[in-house]
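The sequence and structure come first.

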Amino acid sequence: MGFLSVLSCAHKLVEERLRAGDTAVDATAGNGVDTLFLAKLVGGSGRVYGFDIQETALARTRERLDDSGISGAEAVTLVCDSHERMLQHIDGASHGKIGAVMFNLGYLPGGDHATITTIGTTLPALDAALSALRKGGIVTVVLYPGHDGGAEEAEAVQAWAEQLPQRDFQALCYRFLNQQNNPPYVIAIEKR
Ligand code: SAM
């Protein structure tokens with residue numbers, strides 16, 4: 001049977017917590033897989049914000065949403081800006097009430113491999129995400145130590161998660177220990 005894949009693990013953790021009508025964030029929209037996943041969960045009465053620094057990624061995300069025909073696709077706001085500024089774009093009434101923020105780091109699959117997430121913006125974005133969460137809300141981060149700069153970014157995110165106060169947050173790491181070639185892994189933070 002095997003264990004859940006890393007991406008399925010991130011999805012499972014989110015779907016166990018996110019409810020219809022919630023607000024959620026895809027901090028790295030990319031090809032839109034997570035944005036669509038979140039839009040399905042929150043439905044037409046919820047809202048999803050999707051961030052990416054590449055217009056190409058946001059165009060692909062919009063196309064995926066339009067093709068999906070799901071209710072909720074129209075309740076997605078796509079923002080071309082760096083994710084550490086997410087709070088400037090999210091409706092003030094939702095600050096502290098976000099159900100889930102998903103990060104999928106690295107480069108756009110099928111896109112420019114030189115445009116990658118970096119520690120200097122990823123860590124402030126993670127802080128912004130935690131401050132936006134409601135109690136019981138979750139941040140998931142899929143990390144890719146296999147590409148140039150990816151291992152340093154993954155280590156920095158792990159160190160950031162490890163120092164979070166246990167009273168306020170639960171931090172989890174889901175990682176395969178005997179896979180070849182630096183496979184991706186997930187860090188998840190739940191706000192208590
Ligand atoms: N979750 C996406 C999907 O379902 O296809 C994959 C995301 S991809 C691994 C990473 C994305 O992060 C890229 O599209 C890249 O442009 C974006 N990115 C890089 N730096 C960013 C930043 N500072 N703020 C927001 N997005 C960023």
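Predicted model: local features only at pLDDT ≥ 70, side-chain atom pairs only at ≥ 80, totals over all residues.

## Helices H1 and H2

H1 and H2 cross in a right-handed sense. Their axes come within 11 Å and cross at roughly 25°. Angles under 35 degrees count as roughly parallel, and H1 and H2 are therefore roughly parallel to each other.

On the H1 side, the contact is made by His-11, Val-14 and Glu-15. On the H2 side, the residues are Val-33, Asp-34, Phe-37, Leu-38 and Leu-41. Sorted by class, this contact of H1 with H2 has five nonpolar residues, two charged and one polar.

## Helices H2 and H3

H2 spans residues 33-42 and H3 spans residues 55-68. The axes of H2 and H3 come within 9 Å, with a crossing angle of roughly 40°. H2 and H3 are therefore oblique to each other. The crossing of H2 and H3 is right-handed.

Four residues of H2 take part: Val-33, Thr-35, Leu-36 and Ala-39. They meet Thr-61, Arg-64, Leu-65 and Ser-68 in H3. The contact of H2 with H3 divides into four nonpolar residues, three polar and one charged. Val-33 of H2 is named here and also in the contact with H1.

## Helices H5 and H6

The axes of H5 (residues 119-132) and H6 (residues 150-162) come within 10 Å and cross at roughly 30°. That makes H5 roughly parallel to H6. The crossing of H5 and H6 is right-handed.

H5 contributes Ile-119, Thr-122, Leu-123, Leu-126, Asp-127 and Leu-130 to the contact. From H6 come Glu-152, Glu-153, Ala-156, Val-157 and Trp-160. By class, the contact of H5 with H6 comprises seven nonpolar residues, three charged and one polar.

## The largest pocket

The largest pocket has a volume of about 590 Å³. It is lined by 31 residues, and the closest to its centre are Thr-28, Asn-104, Leu-105, Gly-106 and Tyr-107.

Which elements each supply at least two residues of this lining? They are helix H1 (6-15), H2 and strand E2 (47-52).

Conventions
Residues numbered from 1 in each chain as written. Heavy atoms only, no water. Axes fitted to C-alpha atoms, helices over the stretch in contact; angles between N-to-C directions. Parallel < 35°, antiparallel > 145°, perpendicular 65-115°, else oblique. Left-handed = near helix turned anticlockwise from the far one by under 90°. Contact = heavy atoms within 4.5 Å. Nonpolar A, V, L, I, M, F, W, Y, C, P; charged D, E, K, R; others polar. 1 Å grid on protein atoms, 1.4 Å probe; cavity = no way out; pocket = protein on both sides within 12 Å on 5 of 7 lines; lining within 4 Å. Points joined across faces, edges and corners; volume = space filled by probe spheres on them.
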